Amino acid sequence: MTVPKLALSQHTEDALAKSKAEVVVVGTVQGAEGVELARGAEVVDAAIGGRLLEALRALGATGKAEEVVKLPTMGALPAAVVLAAGLGKPDAEGEHTPEQVRRASGAAARALAGTARALTTLSALDLQAAAEGTALGAYAFTQYKSEQGEAPVSAVDVLAPAEGTTRAHRATLKAATTIAESVIVARDLINTPPNDLYPASFADRARKLADSAGLEFEVLDEKALKRKGFGGILGVGAGSSRPPRLLKLTHRPAKARAKVALVGKGITFDTGGISIKPAANMDHMTSDMSGAAAVLAAVVLAAKLKYPVEVVAHIPLAENMPSGTAYRPGDVLTMYGGKTVEVLNTDAEGRLVLADAMVRAAEDEPDYLIETSTLTGAQLVALGNRTAGIMGSEEFRDRVAGIAAATGEGGWAMPLPEELRAELDSRLADLANTTGQRWGGMLAAGVFLREFVAAGLPWVHIDIAGPSFNTSAPWGYTGKGGTGVPVRTIAAVLADIADHG
């Protein structure tokens, strides 16, 4: 896990003089009349004689979002370099959102590679956002590279906001660091190649994380799955030499204000099975366990931050492979709980393992159910690479969508049209696993999952097919590969439930 050490630096006149940082990070703003300095940069500006803005303008700085401009201090500061990170345009009141601070901090952290120590003043705007953005922006997954290049920044001093107490600032920094570390747990899992991450090895990693966080842990192997009737998980995993698993991890506080079930799709590699995928970009299917990674990271986070909510995570794990033992189009699977499903497409496998896990999760009688998965390519068609589709019971769906937007991870509330249920009718079974047409594929998958939700249970399905894995250039605090979405959203929902029920 590559996380820079974050330390609180008090907001005093001699903070810069005391710092051992090699680089000082300031924020810039895209103002109506050109680049401006963000709050917090004034201490740096004063230290170099009030000429920081003049120097930045001479270098062509604009303050646009995620712009990075470096300039030497020429001995005016103990640090050799000032790094200016763009926040973009402010709102009508001249303020910036936490996500703007998070992204600027992430862009700065990426540019700090090779630096031993830095100090950031972006934390004067929003301490939590700056800390999260710095830790996540510095992330690098280099485990499989013989030449690892410049190391991420090792330590960052975060300038405390002028307002608030030192005690409150330290608590905020601790929470932000723990949240970022949990996102990185998910990223590391997603980025691990499938020859090293498969159902059994995922279970081994989960057990170690559970032990370190004091979680209850249970794993069902293929024999137990067969004995208990988990037909969906067994069907999907039948074609692989690496048998499936179902994990259960429980955070059980002494006084819980509610119980929340988490379910995450854990297809450790998806070839599509007999309905095999095209070869192009099939390597991206190493990320088809992103939902499982997010749920695992979220339940560990709940334990570390001592949320007063009982959290029970169910993680179905399988590898979807074509072979002589693989399940086929035309097969009928008997799911956990007794419903039958006709398989029309073996590449619609995620909903099958999720259905088993969701029925099992409801047996624990939770107050809420949150499920997340890289479920449909249709999510990318509808909402693109960065916006998750959020479906489920309307009130809870809208609550989660609002929280997702507030965290900066984003998400959009989507409907579950009743007419799509008829498209899932099967001539052989209770329902089919696909509609047989391309239209509304993301919504149809949500309608399928709804069939396996207990009556009256508030639930939400978060389709992260695009947002969970960045295949393009790095941006903000997001590098290439696994993103860790929606760990922060789930954590914020759990915190909201702890506060409001």
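Modeller: Ala, Val, Leu, Ile, Met, Phe, Trp, Tyr, Cys and Pro count as nonpolar, Asp, Glu, Lys and Arg as charged, and the others, Gly among them, as polar. The model is predicted: local features need pLDDT of at least 70, side-chain atom pairs 80 or more, while totals for linings use all residues. Numbering starts from 1 along each chain, and side-chain values use heavy atoms, without hydrogens or water.

Biologist: How many charged residues are in the lining of the largest pocket?

Modeller: A pocket is an open set of points on a 1 Å grid where a 1.4 Å probe fits, with protein on both sides within 12 Å along at least five of seven lines; lining residues have an atom within 4 Å of a point. The largest pocket is lined by 42 residues. Nonpolar residues number 17 and polar ones 17. The charged count is eight.

Biologist: Which element gives the most to the lining of the largest pocket?

Modeller: Lys277, Leu375, Thr376, Gly377 and Ala378 lie nearest the centre of the largest pocket. Helices (DSSP H or I, at least four residues) and strands (E, at least two) are numbered from the N terminus. Two or more lining residues come from each of H11 (350-362), H12 (377-383) and H15 (441-450). With five residues, the top contributor is H12.

Biologist: Which strands give two or more residues to the lining of the second largest pocket?

Modeller: Of its 29 lining residues, Tyr139, Ala140, Phe141, Lys145 and Lys480 are closest to the centre. Helices H4 (98-111), H5 (127-137) and H6 (166-191) each give two or more. The strands that do so are S20 (469-470) and S21 (481-482).

Biologist: How many polar residues are in the lining of the second largest pocket?

Modeller: Nonpolar residues there number twelve. Charged residues number six. The polar count is eleven.
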